[in-house]
Amino acid sequence: MQPDHYTELMREKLDHELFVHSLNVANAAAGLAERYGADKDKAYLAGIIHDYGKVFSNQKLVELAGQLDIPLDRITRQESRLLHAPVGAALIKKELQVSDPEILQAVANHTTGRRGMGRLEKVVYLADYIEEGRDFPAAEKIRQAAFEDLDRALLEAVEIAIRSVLDRGLMLHPRSVAFRNELVEEARVKQGK
Ligand SMILES: [Fe+2]
Ligand SMILES: [Fe+2]
């Protein structure tokens with residue numbers, strides 16, 4: 001695993017804004033990995049390549065999903081932007097020879113989240129929200145929570161993501177709902193409710 005090699009590849013492949021975002025996510029993911037005992041190198045690498053699929057148009061994402069045997073569901077068929085995550089993961093495996101299953105899963109699930117996310121998946125999902133370029137109103141609050149309590153910060157992040165989907169009139173993916181409900185359930189157990 002050579003993070004520098006992938007960083008240079010992404011510098012060529014992504015536009016400047018997306019490259020800076022990816023670099024920020026990689027750094028945030030590495031910091032969170034260190035804090036929560038996940039693999040720092042894997043977190044950095046997953047961060048730098050997490051939006052590999054974002055360079056494609058929605059139409060191309062659907063086409064690629066077909067070629068790469070990525071099953072579409074009722075939601076991804078209509079909200080095809082979501083496909084940039086699983087399509088990106090499949091392309092990273094095929095074109096960049098990244099085979100680590102944890103990294104591939106973290107990339108594949110960084111948009112919707114899912115129930116039962118592993119440590120690295122959580123770190124990358126959250127890093128996408130707290131990277132230093134993010135300036136939405138609650139970003140600072142989540143940034144602080146991120147280093148205090150991973151799951152509490154994730155709950156705030158996924159709720160913001162869900163609200164934004166609702167505000168924009170988009171279809172909500174059930175995997176995001178499952179992820180959010182799992183975090184609520186776990187928080188209740190922790191609080192002894
Ligand atoms: Fe993304
Ligand atoms: Fe991103």
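Biologist: How do the axes of helix 3 and helix 8 cross?

Modeller: In this predicted model, the axes of helix 3 and helix 8, the latter spanning residues 119-130, come within 10 Å and cross at roughly 45°, which makes helix 3 oblique to helix 8.

Biologist: Is that crossing left-handed or right-handed?

Modeller: Helix 3 and helix 8 cross in a right-handed sense.

Biologist: And which residues meet there?

Modeller: From helix 3 the residues are Lys42, Ala43, Ala46 and Gly47, and they meet Leu120, Val123, Val124 and Ala127 in helix 8. Sorted by class, this contact of helix 3 with helix 8 has 6 nonpolar, 1 polar and 1 charged residues.

Biologist: Switching to helix 7, at what angle does it pack with helix 3?

Modeller: Helix 3, which covers residues 40-49, and helix 7, which covers residues 101-108, pack at an angle of about 40°, and their axes are 9 Å apart.

Biologist: Which residues make the contact?

Modeller: On helix 3 the contact is made by Lys42, Leu45, Ala46 and Ile49, while helix 7 brings Glu102, Ile103, Ala106 and Val107 to it.

Biologist: How many of those are nonpolar, polar or charged?

Modeller: The contact of helix 3 with helix 7 has 6 nonpolar and 2 charged residues, with no polar ones. Lys42 and Ala46 of helix 3 take part in this contact, and Lys42 and Ala46 are also among the residues that meet helix 8.

Terms used:
Residues numbered from 1 in each chain as written. Chains lettered and ligands numbered in written order. Predicted model: local features only at pLDDT ≥ 70, side-chain atom pairs only at ≥ 80, totals over all residues. Axes fitted to C-alpha atoms, helices over the stretch in contact; angles between N-to-C directions. Helix = DSSP H or I, 4+ residues; strand = E, 2+ residues; numbered from the N terminus. Contact = placed C-beta atoms within 7 Å. Nonpolar A, V, L, I, M, F, W, Y, C, P; charged D, E, K, R; others polar. Parallel < 35°, antiparallel > 145°, perpendicular 65-115°, else oblique. Left-handed = near helix turned anticlockwise from the far one by under 90°.
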